[in-house]
Amino acid sequence: MTFTNLPGATDRRIDALLALLADNTMIVISGAKIAREIGVTRSTVFRWIEKLRALGVRVKGHARTGYQIEEVPDILAPKILRKRLPQGPLGKKIHHFFKTDSTNSVAMLLGEQGEPHGTLVIAEEQTAGRGRAGHAWHSEKTNGIYMTLLLRPPVSPQQAPVITLVAGLAVRDAVVEQTGLVPDLRWPNDAMFGRKKFCGILTEMNAEQDQIHFVAVGIGINVNHKEIPDGLQKIATSLRIESGKIHSRVEIVTRLLWHMDSYYNRFLKEGPEPIVARFSEVSSFARGKRVRITTMNGAYVGTTEGLEPGGLLRVRRDDGRVLPVITGTLTEAD
Ligand code: BTN
């Protein structure tokens, strides 16, 4: 497995500890054995086990008796994720953080440093998670999924918006499989239940006029949040709130990357058409929805009239003009 330690990234020996516990669920392993296998002292093992407990990993036992877990820990660590992911570039290289500012910021830096296509940056917590239009993304510790895929798609910058649709479709499919609930997609980058959003996608691009160097596709999913912070309750929700159940983030990320792999390859082979068609099928926002588009220069209201072949959303404004939405934030009009 390829996994280099970036500054601030999870020590690969903690990753090894998690994998060792995960591979031996229901078996008691002595602190000495763990220490030997991962190459640290017993007191470090003790310290790290305490750290994992603080993150909600249920480790039984103590230094004298040995340690044991009953289920694979729901930590998005490279060794736990990697073996579940599809063959191929997506997630072949994983940088995991217990805490970072923003996985998108890390991925943008890695992109500049020549990190390969498919690299995944993933965190248990973000201190400065970023959303679109300068918004912050609330990134509560271990309850959500905060991940960014670094992609180097061999397509023109004009086709880059389709990658956001690809990611939205992958999130939707993963959530349907995991929860049995069917989310809506709000063009171009939100996954919703009714009027409440549980997932946002922030795609950032480094490109020249006719060539993409890389894109960072950042995905934030509210998974196990028991409640939504004040001020966001009317517009945000989580999978736990909607389904009444706690969900495995490892499962969701795994499913998401399998679907992402499939939609992304389809996009490269067949172009935007099947992606745009699928998005139009599953998004209630694609056609006939009254929407408000808020831009830096004000807002306008209109009715959606389908997606353009390149994935832009056509809106019939109330003054009669039908134009694609290029910038702005879209909400359902009252
Ligand atoms: C939005 O809806 O405005 C987009 C939200 C995107 C949030 C994710 S969380 C992982 C990645 N890192 C970030 O800083 N932002 C994205």
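**The ligand and its pocket**

In this predicted model, a polar backbone atom of Arg-130 lies 2.7 Å from a nitrogen atom of the ligand, which makes a polar contact (a pair of N or O atoms within 3.5 Å). Taken alone, the ligand exposes 410 Å², with accessible areas coming from the Shrake-Rupley method and a 1.4 Å probe. The protein buries 98% of that.

Local features here need pLDDT of at least 70 and side-chain atom pairs pLDDT 80 or more, while totals for chains, interfaces and linings use all residues. Residues are numbered from 1 along each chain, and side-chain values use heavy atoms, leaving out hydrogens and water.

Now for the shell around the ligand. There are 21 residues in it, each with a heavy atom within 4 Å, and among those that come nearest are Ser-102 and Lys-197. Strand E8 (196-208) gives the largest share, four residues; strands are DSSP runs of at least two residues. By type, the shell has six nonpolar, eleven polar (Gly counts here) and four charged residues.

The ligand sits in the largest pocket, meaning more than half of its atoms lie within 2 Å of the pocket's grid points. A pocket is an open set of points on a 1 Å grid over the protein atoms alone, where a 1.4 Å probe fits, with protein on both sides within 12 Å along at least five of seven lines. This one holds about 940 Å³ of space, the volume filled by probe spheres set on the points.

Terms used: A polar contact is a pair of N or O atoms within 3.5 Å; within protein, one must be able to donate a hydrogen and the other to accept it, and residues adjacent in sequence count only if both atoms are side-chain atoms. On a 1 Å grid over the protein atoms alone, a cavity is a set of points where a 1.4 Å probe fits but cannot get out, and a pocket is an open set with protein on both sides within 12 Å along at least five of seven lines; lining residues have an atom within 4 Å of a point.
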